[in-house]
Amino acid sequence: MTAYIVRRLLWMLPLLLGVSIICFAMLKRAPGDPVGAMLAESRDSGKTMTLADRERLREQLGLNRPVYLQYIDWLKLVARGDFGTSTRMNQPVSTIIRQRLPNTMKLAGVSLLLTLLIAIPLGIISAVKQYSLIDYLLTTFNFVGISIPQFWLGLMLLYFLSVKIGWFPVNGMHSAYVGPGFWAHFKDSALHYVLPVISITLAGVAGYMRYQRASMLEVMPQDYVRTARAKGLTERVVILKHAWRNSLIPIITLLGYVLVIMVEGSVVVENIFSWPGMGQLAVASLTQRDYPTVMAIVLLSATLILIGTLLSDILYAVVDPRVRFD
Amino acid sequence: MSVEVQRADLANWERGSTTTVASPRTLFWRRFRRHRLAFASGIFLALLFAVAILAPWITPYDPDATNLTLAKFGRPAGPSIEHPMGTDQLGRDWMSRLIVGSRVSLTVGFLATGVAIGVGTVLGAVAGYAGRWTDMLIMRLADMLLAFPPLLFLMGMLVGFKRPSATVIAIIIGVIGWMNVSRLVRGEFLTLRTRDFAIAARAIGASKPSIIFRHLLPNAISPIIVAATLSIPAAILTESTLSFLGFGIQPPTASWGNMLQIAFVQMRDNQAWWIGFYPGLFIALTVLAFNFVGDGLRDALDPRAWGR
């Protein structure tokens, strides 16, 4: 097991290297560069930038060198744990990410927790009462849930519940002014969470419930479930202890995948609700050609995805002793 | 249930009755039609296709024509009898743009799926049949692409185009979306290659491409079809998300995604709910319809699901 984990961790290095090369090449072939973005910005603020200024900036940022040399420079820095300086915000990338990452994690974490808390019980009910009215309703809800575009749901919630009725704040994580006291702050921040979390959770619940239902249906006709019933155990114990626990084996591997969906979903939702997280940062950095920041975000997400898949593979072995790694 | 029916049919046949045994195709249709939602979805999609194909002739107004007498002071005009879905801040008829936008969604849905299924099937089949280092190479490539955060990857690729067309977007979505198909096909091939008919084909000296594509592939076609139908809605959602974030179809060309991008500002500043409501509704309905059809197909094609 340890050998397996070590091997997988080592294998991540070439994968990440490949990811970074592809990403670097991809960004470099895009028209426009950070200097162009700065130029537009300085024009907006009424200043002018001479051609010589631009050339000097390009030189300074190393943009005039061959792409592979630029990549090697970048790699050398990263090997030392330095992701460079954001050309858009003129701050070290690591500082920016340290500010943004917790915000995305909070949003994704709350959404993931809520997804599991809602999806698992509903999936079990749907499977136990297969073909009942409630099962039909839940299955239909599933289809609708996975079909509604997340950003449309976000926009509609934003319009009807914030702009129109004014129940929830329109954007951000906090209000500009909050009354004194812990509870005032707590209430304010909780209100900011509601709509983004709903937007992310709906699709998650629909997707996850479907898998929970399917794997419960797989387990219910098994011999050991019948045995448990024959022993005279109550239906509650049969379902929750004997059936449900075994049904978790296939769906636990989906956790890593769900985490990816949550992070992806936050890209869209953060941009709608102006949530100061990684998703918003990614879109802004890409449009402004802020290469160092984009590279850092891609590398970070790729690492998260790889660790997520590894964790779910390990979990698979933990919950199912029959699974052995070679 | 089907076993009973067939046995009864067989009995009739032995007695010289004229009842014919249902062919696989008839059985398929019978099972597919049982899914009323899938059937209704199929009709909805057929209508949508007709609309998309006939778009240039059936739009009530020129989708790109602005009309500032309608949108006074840059305020979108609400739904009316002349403009059932209202107009945007430039006075462009929203229904006409919605009709034209359907072309983008359907093109991307089908083309992206075609690319993903094509690449995924070939690579998966080769990996599953050849094994050894070919298999390892292809699967490691898939691993690497799977490590990318998909949306971010797509946005990064699209930044390289000034005005990406629906075709470009579809190809890019397809090129980075083949990994799941290839895993699926590879899995099928790993078991198929050991079956007797595969060994027989090899024994009579069939060439490798012939074994892979003529003998084995037809046996793996059902899961591929199901994967395809389910990948169409996913591609449509992806395109609309990209266009919404400003990385996909660029205005003034209309797509359902970039119509919602306009809605983001107009709903907040001018309370123009119709701008966001209709495009999103049509994305949701289209995606839902494809998902229902995919589900119906799975039940009709997958022998394991017949008993349920």
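Predicted model: local features only at pLDDT ≥ 70, side-chain atom pairs only at ≥ 80, totals over all residues.

Trainee: How many helices and strands does chain B have?

Mentor: Chain B has 13 helices and zero strands. Those are DSSP runs numbered from the N terminus, with helices being H or I of at least four residues and strands E of at least two.

Trainee: And what share of chain B counts as buried?

Mentor: 44% of its 308 residues. Buried here is 20 or more other C-beta atoms within 10 Å of the residue's own, exposed is 12 or fewer, and partly exposed is in between, with C-beta atoms placed from the backbone.

Trainee: Is A127(B) buried or exposed?

Mentor: A127(B) is buried, because 24 other C-beta atoms lie within 10 Å. Its place is in helix α4 (residues 94-130) of chain B.

Trainee: What is A127(B) in contact with?

Mentor: Leaving aside neighbours within four places in sequence, A127(B) is in contact with T134(B), D135(B), I138(B), M139(B), S182(B) and R186(B). Contact means C-beta atoms, placed from the backbone, within 7 Å.

Trainee: Switching topic: at what angle do α5 and α8 of chain B cross?

Mentor: Roughly 145°, and the axes of α5 (residues 132-147) and α8 (residues 179-192) come within 10 Å. The axes are lines fitted to C-alpha atoms over the stretch in contact, and angles run from 0 to 180 degrees between N-to-C directions.

Trainee: Which residues meet there?

Mentor: I138(B), A142(B), L145(B) and L146(B) from α5(B) meet M179(B), S182(B) and R183(B) from α8(B).

Trainee: Now chain A. Where is the kink in α8(A)?

Mentor: The kink is centred on V197(A) and is about 30°. The bend at a residue is the angle between axes fitted to the seven residues ending there and the seven starting there. Helix α8 (residues 182-219) of chain A spans only 47 Å between its end C-alpha atoms, while a straight helix of 38 residues would span 56 Å at 1.5 Å a residue.

Trainee: Last one: how many residues does each chain put into the contact?

Mentor: Chain A gives 36 and chain B gives 35. On the side of chain A that touches chain B, α13(A) gives the most, with seven residues.

Terms used:
Residues numbered from 1 in each chain as written. Chains lettered and ligands numbered in written order. Contact = placed C-beta atoms within 7 Å. Expected span 1.5 Å × (residues − 1).
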